[in-house]
Amino acid sequence: MDRLRQRADFLAVANGARANSPAFVLQSRRRDDSGPIRVGFTVTKKNGNAPERNRIRRRLRELVKRLDPVSMQPHHDYVLVGRRDALSRDFATMLDDLRIAFTKPARHTARGSDKGSAKRRGEKPGAAPASRKPD
């Protein structure tokens, strides 16, 4: 198992499937190569100051170390996005949450699809696009 380190890899995984938990969000994406499973960790500044963010990140790393790698799918990238609840949540409960996140069917976010672009334009998803009058 390797670590994700480059921003482009994190952004690619962010467009993939995700599973939510009170202490973290698990994002995943299938890769087309035959490389090992890669895992990345991120905690935003809204989760506290640097020592708190580092503690959240350490707890997430320890979760992945204790998890059975068989539960992860081969040829996938995963990103664990830490939340503030990771500081106070029981570690055993977080480990169960992570196991469940890997087994539950992932909810795929459709970024950049027609529905999303229709929302941005203020239209109803599935509605016919407004026709423009010729000049």
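Predicted model: local features only at pLDDT ≥ 70, side-chain atom pairs only at ≥ 80, totals over all residues.
Arg-99 has a relative accessible area of 37%, so this residue counts as partly exposed. Buried means under 20% relative accessible area, exposed means over 50%, and partly exposed is in between, with a 1.4 Å probe and protein chains only. Residues are numbered from 1 along each chain as its sequence is written, and side-chain values use heavy atoms, with hydrogens and water left out.

Back to Arg-99. What does Arg-99 form with Asp-96? The two form a salt bridge, and their closest N and O atoms are 3.4 Å apart. By salt bridge I mean a side-chain nitrogen of Lys or Arg within 4 Å of a carboxyl oxygen of Asp or Glu. Asp-96 and Arg-99 are three residues apart in helix α3, so about one helical turn separates them. Helices here are DSSP runs of H or I with at least four residues, strands are runs of E with at least two, and both are numbered from the N terminus. Asp-96 is partly exposed as well, at 40%.

How many salt bridges does the structure hold? There are eight. One of them joins the side chains of Arg-84 and Glu-52, at 3.2 Å from N to O. Arg-84 sits in the loop between β5 and α3 (91-103), while Glu-52 belongs to helix α2, so this pair ties together parts that are 32 residues apart in sequence. Arg-84 is partly exposed at 39% relative accessibility, and Glu-52 is partly exposed at 22%.

Now please find Arg-38, in strand β4. Its side chain meets that of Asp-9 in a salt bridge, 3.6 Å from N to O. That pair links distant parts of the chain, 29 residues apart, with Arg-38 in strand β4 and Asp-9 in helix α1. The side chain of Arg-38 also makes a polar contact with the side chain of Asp-77, at 2.7 Å. A polar contact is a pair of N or O atoms within 3.5 Å; within protein, one must be able to donate a hydrogen and the other to accept it, and residues adjacent in sequence count only if both atoms are side-chain atoms. Which residues are linked in a network of salt bridges? They are Asp-9, Arg-31, Asp-33, Arg-38 and Asp-77.

Asp-9 takes us to helix α1, residues 7-14, whose buried residues are Asp-9, Phe-10, Val-13 and Ala-14. They cover an arc of only 140° around the axis, which puts them on the same side of α1; the arc is that of the directions from the helix axis to the C-beta atoms. On the other side, Arg-7 and Ala-8 are exposed. The cover over the buried residues of α1 includes β2 (17-20), β3 (24-30), β4 (38-42) and β5 (76-82), where contact means heavy atoms within 4.5 Å.

Let me finish with rings. The structure holds one aromatic pair. The rings of Tyr-78 and Phe-102 have centres 4.9 Å apart and planes at 80°, so the pair is edge-to-face. Rings of Phe, Tyr and Trp (its six-membered ring) pair if their centres lie within 6.5 Å, and planes under 30 degrees apart count as stacked, over 60 as edge-to-face and the rest as tilted. Are Tyr-78 and Phe-102 buried or exposed? Both are buried.
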